[in-house]
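Hi,

Here is the structure I promised to pass on.

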Amino acid sequence: DLGSNSARMYLLTLGADAKLSLSSKRRVMTRLSEGMEKDGCLQPLPMARTCGVLKTFAEEIHRTGAYTLAVATAAVRKAKNREEFLQKVENEAGIHLTVISGELEAFFDFQGVMAGLPDLNHCLICDTGGGSTELILVKDRIMKAKISLPFGAMTLTDTYGQKLEQAEESLIQQFTEVSFLPEAEGLPLVGIGGSVCA
């Protein structure tokens, strides 16, 4: 799972009962989207260090003989030079990355929370990543509304730096435009994503 701020690898084992169990997991901060705000392109240094991390992941994958499912989210999704980066990853690490939409990312967020919290019926899910933020309204364990917003921890840092008041004003403005947020008032907030979970 390649995000704007970190790369994660989960190694799962399929048991005799047809259930998956977690064998190992790794998370490395790559800051892939660093510097993207100036021209909308992934920068050479972040691309190089991310490819280096993915190469180490690939080595472990090859040792175990695991089947690979690799996805990339906001940074690659938005990058003007994403095809160049995807080819670089394939050439150097042998990993084929599938770039998923913000809407599909939100759907996966919903599925994960519902599987992990089986007793939760109503909530607002907030996936705060490095380059995007997904909001999902859940009522009676049904996804009633979802949106992917084009900002995250990395993009806000690159855009505003230490100008916290300006960042807050921008966030308030964008959240005000999310039509279904008033329906979430009083509901539990479930935080997930690279900027929330270790």
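Before anything else, a term: I call a residue buried when its relative accessible area is under 20%, exposed when over 50%, and partly exposed in between (1.4 Å probe, protein chains only). Keep in mind that this is a predicted model, so to speak of local features I need pLDDT of at least 70, side-chain atom pairs count only at pLDDT 80 or more, and totals for chains, interfaces and linings use all residues. Residues are numbered from 1 along each chain as its sequence is written, and side-chain values use heavy atoms, with hydrogens and water left out.

Now the inside. A nonpolar core here is a set of buried Ala, Val, Leu, Ile, Met, Phe, Trp, Tyr and Cys residues joined through side-chain atoms within 4.5 Å. The largest one has 24 residues, and Leu2, Leu54, Phe85 and Leu97 touch the most other members. Strand 1 (6-14), helix 1 (44-64), helix 2 and helix 3 (82-93) each supply at least two residues of this core, and helix 1 gives the largest share, seven residues. Leu97 is in contact (heavy atoms within 4.5 Å) with Leu2, Leu54, Ala70, Val71, Ala72, Phe85, Leu86 and Val89, leaving aside neighbours within four places in sequence. A second, separate core has 13 residues, including Leu124, Leu137, Ala145 and Val178.

And the outside? Tyr10, Leu12, Leu14, Leu20 and Leu22 form a nonpolar surface patch with about 530 Å² of accessible area together. Patches take residues with over 30% relative accessible area and no salt bridge, joining like charges within 9 Å and nonpolar side chains (Val, Leu, Ile, Met, Phe, Trp, Tyr) within 5 Å; a salt bridge is a side-chain nitrogen of Lys or Arg within 4 Å of a carboxyl oxygen of Asp or Glu. Accessible areas are Shrake-Rupley values with a 1.4 Å probe, and for residues only the protein chains shown count as cover. Strand 1 gives the most to this patch, three residues. Leu22, in strand 2, is partly exposed at 49% relative accessible area.

Finally, Pro44 is in helix 1 and is exposed, at 59%.

Cheers

Notes: Helix = DSSP H or I, 4+ residues; strand = E, 2+ residues; numbered from the N terminus.
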